[in-house]
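Subject: Model for you to look at

Hi,

Here is the model I promised to pass on.

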Number of protein chains: 4
Amino acid sequence: MHTSPTSRIPVAVLGATGAVGQTFIRLLDGHPWLELVEVAASERSRGQRYGDAAHWLEGAMPRAAAELTLLPCTPDAVTAPVVFSALDASAAGAIEPEFARAGRFVLTNARNHRMDADVPLVIPEVNPGHLALIDTQRERRGWKGAIVANGNCSSIVVTLGLAPLHRAFGIRRLFVTTLQAISGAGYPGVPSLDILGNVIPFIGGAEEEKIETETLKMLGDLAGAEIAPARFRISAQVNRVPVEHGHTACMAVELERSATPEEAVEAFTSWRSAIDGLGLPGAPERAVVVTHATARPQPRRDADAGGGMTVTVGRIRRDPILDLRLVASGHNTIRGAAGASLLNAELLVSRGMIAP
Amino acid sequence: MHTSPTSRIPVAVLGATGAVGQTFIRLLDGHPWLELVEVAASERSRGQRYGDAAHWLEGAMPRAAAELTLLPCTPDAVTAPVVFSALDASAAGAIEPEFARAGRFVLTNARNHRMDADVPLVIPEVNPGHLALIDTQRERRGWKGAIVANGNCSSIVVTLGLAPLHRAFGIRRLFVTTLQAISGAGYPGVPSLDILGNVIPFIGGAEEEKIETETLKMLGDLAGAEIAPARFRISAQVNRVPVEHGHTACMAVELERSATPEEAVEAFTSWRSAIDGLGLPGAPERAVVVTHATARPQPRRDADAGGGMTVTVGRIRRDPILDLRLVASGHNTIRGAAGASLLNAELLVSRGMIAP
Amino acid sequence: MHTSPTSRIPVAVLGATGAVGQTFIRLLDGHPWLELVEVAASERSRGQRYGDAAHWLEGAMPRAAAELTLLPCTPDAVTAPVVFSALDASAAGAIEPEFARAGRFVLTNARNHRMDADVPLVIPEVNPGHLALIDTQRERRGWKGAIVANGNCSSIVVTLGLAPLHRAFGIRRLFVTTLQAISGAGYPGVPSLDILGNVIPFIGGAEEEKIETETLKMLGDLAGAEIAPARFRISAQVNRVPVEHGHTACMAVELERSATPEEAVEAFTSWRSAIDGLGLPGAPERAVVVTHATARPQPRRDADAGGGMTVTVGRIRRDPILDLRLVASGHNTIRGAAGASLLNAELLVSRGMIAP
Amino acid sequence: MHTSPTSRIPVAVLGATGAVGQTFIRLLDGHPWLELVEVAASERSRGQRYGDAAHWLEGAMPRAAAELTLLPCTPDAVTAPVVFSALDASAAGAIEPEFARAGRFVLTNARNHRMDADVPLVIPEVNPGHLALIDTQRERRGWKGAIVANGNCSSIVVTLGLAPLHRAFGIRRLFVTTLQAISGAGYPGVPSLDILGNVIPFIGGAEEEKIETETLKMLGDLAGAEIAPARFRISAQVNRVPVEHGHTACMAVELERSATPEEAVEAFTSWRSAIDGLGLPGAPERAVVVTHATARPQPRRDADAGGGMTVTVGRIRRDPILDLRLVASGHNTIRGAAGASLLNAELLVSRGMIAP
């Protein structure tokens with residue numbers, strides 16, 4: 001049985017001043033189940049008012065958040081039972097386990113623990129069952145809290161763009177080339193002199209390896225206390241492009257059981273997500289939609305679909321070598337980062353694992 | 001034996017007011033072997049002074065060209081023995097054969113005749129031998145002139161980026177995703193509302209099919225009076241990106257004979273183009289160069305290499321599924337269009353097939 | 001006394017497929033007072049389903065609109081009592097009077113009738129009293145309907161950015177340089193080759209003259225049956241910049257009664273719009289807000305303020321020559337076009353001049 | 001009498017790894033009079049090979065420069081008699097006087113000493129006579145060397161765009177709004193998330209004050225041992241726009257002696273620069289050209305005029321309030337920075353003040 005909370009659950013954001021931290025704060029503004037009560041950040045800005053410390057990037061800063069004081073990133077200073085982590089990888093590795101040890105639920109966007117065998121890497125619509133790893137994690141590590149991760153922004157778009165096909169036909173091989181938005185690099189991130197009117201065919205931090213590994217974990221199966229990753233191979237090439245938000249993934253796919261483009265469209269259309277009907281506040285009507293327009297999806301026009309939580313798939317056609325060609329596009333800082341963590345939290349609330 | 005002309009050869013540009021036509025005119029300015037004497041265009045602007053009719057797109061218009069009067073696109077009006085065609089496909093199909101029939105050499109960037117069995121589709125550094133088709137063409141069609149075509153802008157970048165590998169190891173399969181500059185669409189071309197801060201995963205005019213077919217013809221072998229296309233398969237996905245000039249091709253390649261990235265680099269480095277030493281004025285020092293920089297090639301920074309005639313290849317690495325991953329980038333309106341036709345003309349001059 | 005309508009009033013959009021037409025349709029989607037029942041367009045697309053004919057530019061097309069059939073732009077074909085005109089100037093001149101003659105309220109964004117002596121050019125927050133011209137207009141022209149115009153997109157941003165200062169201190173001279181978004185040119189509008197990474201210091205259609213005249217009319221006073229335009233002089237220079245939405249106006253102002261920057265801020269803060277408290281659905285909380293951030297307003301970050309209906313003013317400071325320097329920025333297709341017409345209609349509804 | 005050097009003069013670049021430093025190195029490549037022999041930089045990169053330390057921003061790095069080793073910025077380590085300073089303001093204040101004291105000619109782009117009474121702020125075509133301040137400077141400071149500065153990038157464009165008018169009619173008042181390229185902020189400079197598809201109406205480092213003061217000094221007269229700045233007032237508003245290179249200045253000008261637009265054009269056309277005929281290698285054919293095209297100058301299309309050393313002026317027309325409206329555009333890192341210093345050096349060589 002699934003539940004809505006009877007009162008709003010207090011939450012904190014770690015790494016609150018950065019680009020992903022800001023997206024958490026925007027998405028938490030007015031959230032029906034969760035209430036932002038604390039923000040924490042790196043040493044430089046601690047003690048400052050959030051409204052003064054953050055170089056706010058989009059729209060107007062929520063007023064309540066502006067008045068919060070930036071706390072240190074320690075479980076002593078931050079008291080909320082649920083923390084969203086937008087920490088840099090350099091900080092997340094040490095800090096997140098401290099919070100889990102102290103009994104907190106850590107919903108993290110950082111890469112550090114994603115591939116840990118006992119850390120669930122979850123997209124609620126795709127692999128909610130992986131949350132069972134929380135028990136293993138607590139047992140092995142002796143934690144009362146837990147770390148639940150979401151994938152890298154490009155891995156999430158790729159995974160959602162493939163999930164209906166993988167369920168229906170099985171993926172055997174994937175060639176993917178991404179065109180990724182600048183907001184994926186955070187702030188200040190990509191210098192304008194590098195990207196204005198340009199393409200950079202590389203993204204640091206092992207972006208290609210993340211796609212090649214995280215996707216398989218997310219599409220994998222829970223086998224006892226472990227995840228058996230999906231058994232196919234991925235070849236990824238990433239590019240940075242002068243787009244504000246929205247990652248595009250151009251894919252060529254070989255299937256276990258061959259399918260025509262029409263069958264592929266049908267697989268997308270008939271696909272039911274694992275959280276349909278739960279009423280999670282952040283869940284879009286459809287996690288994946290198919291567009292039949294000739295020249296879509298496009299990041300600027302499709303990234304905001306479903307409040308930024310819908311991945312749009314288009315140009316589904318026969319591949320001259322393998323089975324299918326298709327293009328998937330999704331919002332990298334919402335579906336691919338803060339919104340992903342938030343939806344994970346909502347799923348945990350809905351299952352009663354996080355309660356007021 | 002190869003020769004330089006003793007005096008400059010008069011040439012004309014058909015479709016002179018468009019984006020590619022303008023590039024012809026820029027590249028012909030001060031050309032040591034060729035002299036622009038006539039310009040021709042569609043009906044709307046005929047009779048006008050070129051300097052008044054052309055919405056000039058880059059830098060300053062060459063003064064001599066500005067004073068020319070736009071002629072009709074007929075062999076009666078245009079008298080030069082060599083014509084460069086930047087005509088739209090809608091016009092080129094009818095007009096180009098008229099010029100060839102009238103004894104002119106037509107160096108064309110239009111797509112209409114590229115895949116005709118008796119029309120050579122030539123990159124001088126790659127397949128100059130295909131010019132032998134000219135004899136077949138003349139014989140079959142009863143022409144005194146001839147049509148010599150260059151490939152589509154993206155096909156040329158892909159072909160040059162592959163040629164050294166194909167020669168050394170043989171290509172067996174190619175997955176390619178392109179990120180193409182707006183200038184490839186001509187003028188007015190892509191509306192800014194469509195592309196500013198955006199990506200369009202489609203290009204009209206069967207761009208993907210062109211890559212999938214032209215590349216094989218250009219990498220094919222002359223077999224008697226015909227071209228036997230290269231026998232491998234290509235899967236292409238194209239994208240338009242907000243870049244002014246320079247197409248980027250992200251490729252995953254399977255080889256006939258497996259090669260390491262180091263061997264691939266060596267193949268590029270040791271590759272000798274078919275026109276080395278001919279002294280063609282438009283030929284770059286190297287038609288293909290390898291960059292070892294982490295995040296190159298980049299269109300804005302590399303498109304102008306070799307005066308826009310050099311394709312830069314980078315990120316050569318092992319592919320997780322096939323043999324190699326690599327990225328090639330080249331200038332689409334120079335190497336991929338006007339500069340390509342011009343180099344074809346220079347090759348014909350050098351071989352004595354075009355003479356003053 | 002002001003009223004809300006008891007049932008939704010049927011409205012039509014003329015010129016519905018263009019960029020401004022689309023913005024009307026987006027803003028009308030779910031409107032509490034007005035119901036889109038008809039769309040009309042130029043000859044080419046008549047009879048087509050709207051969803052098929054429109055090259056949709058932003059987000060998802062409202063479903064109800066998609067199913068409407070495009071009608072001819074005549075009062076016989078279009079029956080709604082209220083029509084929003086997004087017609088090109090070439091068509092609006094003839095068509096709009098026909099509708100007014102036929103008894104319809106024409107809320108127009110076209111430039112044709114803006115400066116007609118008996119056509120009110122209205123920003124509800126600034127000069128709602130100008131609606132009194134409707135009586136004159138009907139009397140003079142023998143119409144049962146009426147034409148009510150809104151200003152050019154840049155004039156509206158300038159006028160709102162000045163209105164509080166003009167009321168408090170009187171403007172004596174204005175130097176204004178604008179940086180205008182590409183969406184102001186409609187679709188296909190500005191070719192990407194012209195504007196990507198570029199600035200164009202000119203906008204066709206007498207953009208500078210519009211700023212120099214419309215602003216004075218909107219800031220003018222109703223004097224009997226006429227508008228006495230504001231008596232100051234304006235020097236305008238316009239630029240197109242690679243921004244999607246949001247026009248920026250950099251202004252240097254001489255005042256009738258000198259004011260310090262602090263007094264100017266106070267004038268903005270204490271300014272009350274003429275429609276405060278009317279509860280017009282499209283009215284923002286504040287029509288003009290002052291930002292104290294060092295480097296704001298910025299179009300990408302501030303254009304959406306107040307649902308695109310708020311103009312943001314910043315960098316208010318002492319001018320080295322005149323009195324004040326300031327920068328105003330507002331959304332050009334919402335506040336500066338479709339949203340402006342819509343707010344005018346809401347004002348007419350609220351006054352009972354348009355009724356179900 | 002003016003001279004060319006009999007052998008190339010050895011020069012060094014301080015702050016060689018930054019954006020302006022790189023532009024110095026590009027412009028010095030193949031220079032007929034000057035030979036780059038040393039590069040120096042901040043502590044972090046000292047001792048490294050230049051080719052390894054510099055994140056090269058444009059085109060291919062000159063090979064000779066790549067092999068130089070980065071030296072400390074001290075006159076002991078750097079031995080060249082002429083040094084170009086691309087140092088940050090934080091470093092230039094202390095370092096440049098050390099070099100001048102040690103007998104070196106310092107041609108600086110840094111802002112620190114520009115407004116010092118005894119430092120010439122020179123545009124060779126405009127105020128070469130100001131070099132007479134060198135004597136005063138040496139006398140006052142007891143230096144054997146000297147500091148010669150060039151103006152800020154926007155001041156230089158404004159000054160060149162006004163100089164012919166000021167000479168012919170006298171400027172009385174100037175309102176200027178600039179649209180400045182991102183390269184003016186150096187590297188990494190402006191974050192792409194701040195400027196992509198956006199405008200920032202502010203530039204740090206007192207950019208507006210620089211325009212308001214430096215322009216007057218450069219247009220001033222040498223009066224004995226001092227500069228009497230031009231006696232007019234300037235009101236400046238600056239903006240950052242998503243343009244790679246090229247600053248645009250939109251100006252409204254009041255003249256001492258009124259002039260029509262035609263007379264203004266004539267003043268520009270008949271203007272002779274102070275260095276015409278000297279044969280300085282970096283001097284363009286014309287330092288200022290007038291364009292009559294409707295929508296020019298445009299930074300992307302006009303910045304490279306005259307090798308980046310020509311300022312293009314357009315849209316000269318009657319101002320509705322003052323005398324004239326006009327737009328000037330010039331390359332900010334060439335004419336507005338490195339090329340400016342280089343031309344100053346060439347002038348000193350030509351006058352025999354710098355000799356091999």
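This is a predicted model: local features need pLDDT of at least 70, side-chain atom pairs count only at pLDDT 80 or more; totals for chains, interfaces and linings use all residues.

Residues are numbered from 1 along each chain as its sequence is written, and chains are lettered from A, with ligands numbered from 1, in the order in which they are written.

Chain C holds an open sheet of 6 strands with parallel pairing, in the order 3-2-1-4-5-6. (Strands, E of at least two residues, and helices, H or I of at least four, are DSSP runs numbered from the N terminus; two strands pair if DSSP finds at least two bridges between them.) At the edges of the sheet in chain C lie strand 3 (70-71) and strand 6 (146-149), each pairing on one side only. Strand 1 (residues 9-14) of chain C runs parallel to strand 4 (residues 82-85) of chain C, joined by 4 bridges, and L14(C) stands opposite S85(C) in strand 4.

Chain A is divided into domain 1 (9-152 + 338-350) and domain 2 (153-331), with bounds from an automatic or database domain assignment. Their centres, taken over C-alpha atoms, are 24 Å apart. The contact takes 33 residues from domain 1 of chain A and 30 residues from domain 2 of chain A, where contact means C-beta atoms, placed from the backbone, within 7 Å. Helix 11 of chain A gives the largest share of the domain 1 side, 7 residues.

Best wishes

How values were computed: Two residues are in contact if their C-beta atoms, placed from the backbone, lie within 7 Å.
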